[in-house]
Amino acid sequence: MPTNKLIRIGTRNSALAMWQARHIASLLENAGYTVEIVDIVTIGDKILDRSLSKIGAKGVFTEELETMLRNGEIDIAQHSAKDLPSTLAADLPLIAFTKREAAHDVVLSLNPDFRLASNKGAVVGTSSTRRRAMMAKEFPQHSLVEMRGNLQTRLEKLKSGTSDAMILAFAGVHRMGMESYIVEHLPIETFTPAVGQGSVAIQSSSRLDPALSASIRKLCNDDATEACLLAERHLLAQLDGGCSVPVYGHAQQHKDGLYLRGGVLGLKGEVEMVASATGSNPEQLGKAVAQNLIGQGAQTLLQDIRKQLAS
Ligand SMILES: NCc1[nH]cc(CCC(=O)O)c1CC(=O)O
């Protein structure tokens, strides 16, 4: 262990982010480090009256933590890997990805018998363009409402009758102990998760002591998850995606190598481009799947979508 035994972890202060920061803290404390959690309220947490796609800027949850990393106010920052832009500044690398939780989406409702397929027409809450597009494609009978805010806020909205059901990532629901509201687990094939969903990423400054950085990586990184996340993130970077456009990507370790499936949907699910491949090099795999999608016209579709979201 390096001589500097105190590690300061920067994090958003939502309950989910704090859970994740404590998770990282416990991995480090188990190895003898002392950890201080430095929590902040980000722009993304302050602006709740507009959808993320309308705020537009990438990194509304990450920029302020990046500044603190650069200033040396924190040693590492933890982020939901899903919330990270596909490309980061070269001086602020990701040094670890924690073992991924089940990555799928789930449906929450107060009605235990609620099912998306058999219900004839309900109000379903979601804030992501990916989930909206998938809903429009798979279950067009439902109407969709914006559900922003942290998971507790969204659960309160559900309880107050804002919607009959809502769609969330299993990972967050699990971490927040809200499983009792899950009425349906959505299949990875039709509701393929967002890039990075379910894993926690650790970002550092390139100025961090290399021995400390290596030690943090050793304690927190899961190699299999990292390979998947790198493939997914290279896919997203090639498409110039981000969490505000309806792009998905999910990699899994199969017997014959790393398998990556990715796609882009029109905002109303009216078109979909899908591609998949197997490989051993995450970067090459991500780029290959992206190239396939680009060959199908993904970039034109995404340009169109960005215009529609901006207006
Ligand atoms: N965009 C918000 C966000 N960022 C990460 C998670 C869930 C936890 C994870 O994917 O690791 C969520 C909530 C959700 O989409 O349901």
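By class, the shell around the ligand comprises three nonpolar, four polar and two charged residues. In this predicted model, the residues that surround the ligand are Ser80, Lys82, Asp83, Leu168, Ala169, Ala171, Gly172, Gln197 and Gly198. Two elements of secondary structure, strand S8 (165–169) and helix H7 (170–175), each supply at least two residues of this shell. Leu168 and Ala169 of the shell fall within the range of strand S8 (165–169), whereas Ala171 and Gly172 fall within that of helix H7 (170–175).

As to confidence, the chain has an average pLDDT of 93, and 94% of the residues reach a score of at least 70. For the complex, the predictor reports an ipTM of 0.96 together with a pTM of 0.93. Where pLDDT is low, predicted coordinates should not be read in detail.

On the side of H1, the contact is made by Ile24, Leu27 and Leu28, and on the side of H8 by Ile216, Leu219 and Cys220. This contact of H1 with H8 contains six nonpolar residues, with no polar and no charged ones.

The other pair is formed by helix H9 (residues 223–238) and helix H10 (residues 282–295), whose axes come within 7 Å and cross at roughly 40°. H9 and H10 are therefore oblique to each other, and the crossing in which H9 passes H10 is right-handed. H9 contributes Ala227, Leu230, Ala231, Glu232, Arg233, His234, Leu235 and Gln238 to the contact, while H10 contributes Pro282, Glu283, Leu285, Gly286, Lys287, Val289 and Ala290. The residues of the contact of H9 with H10 divide into eight nonpolar, three polar and four charged.

Methods:
Residues are numbered from 1 along each chain as its sequence is written. This is a predicted model: local features need pLDDT of at least 70, side-chain atom pairs count only at pLDDT 80 or more; totals for chains, interfaces and linings use all residues. pLDDT is the predictor's confidence in each residue, from 0 to 100. Axes are lines fitted to C-alpha atoms, for helices over the stretch in contact, and angles run from 0 to 180 degrees between N-to-C directions. Helices (H or I, at least four residues) and strands (E, at least two) are DSSP runs, numbered from the N terminus. Angles under 35 degrees count as roughly parallel, over 145 as roughly antiparallel, 65 to 115 as roughly perpendicular and the rest as oblique. A crossing is left-handed if the near helix is turned anticlockwise from the far one by less than a right angle, and right-handed if clockwise. Two residues are in contact if their C-beta atoms, placed from the backbone, lie within 7 Å. Ala, Val, Leu, Ile, Met, Phe, Trp, Tyr, Cys and Pro count as nonpolar, Asp, Glu, Lys and Arg as charged, and the others, Gly among them, as polar. A residue is near a molecule or strand if its C-beta atom, placed from the backbone, lies within 6 Å of it.
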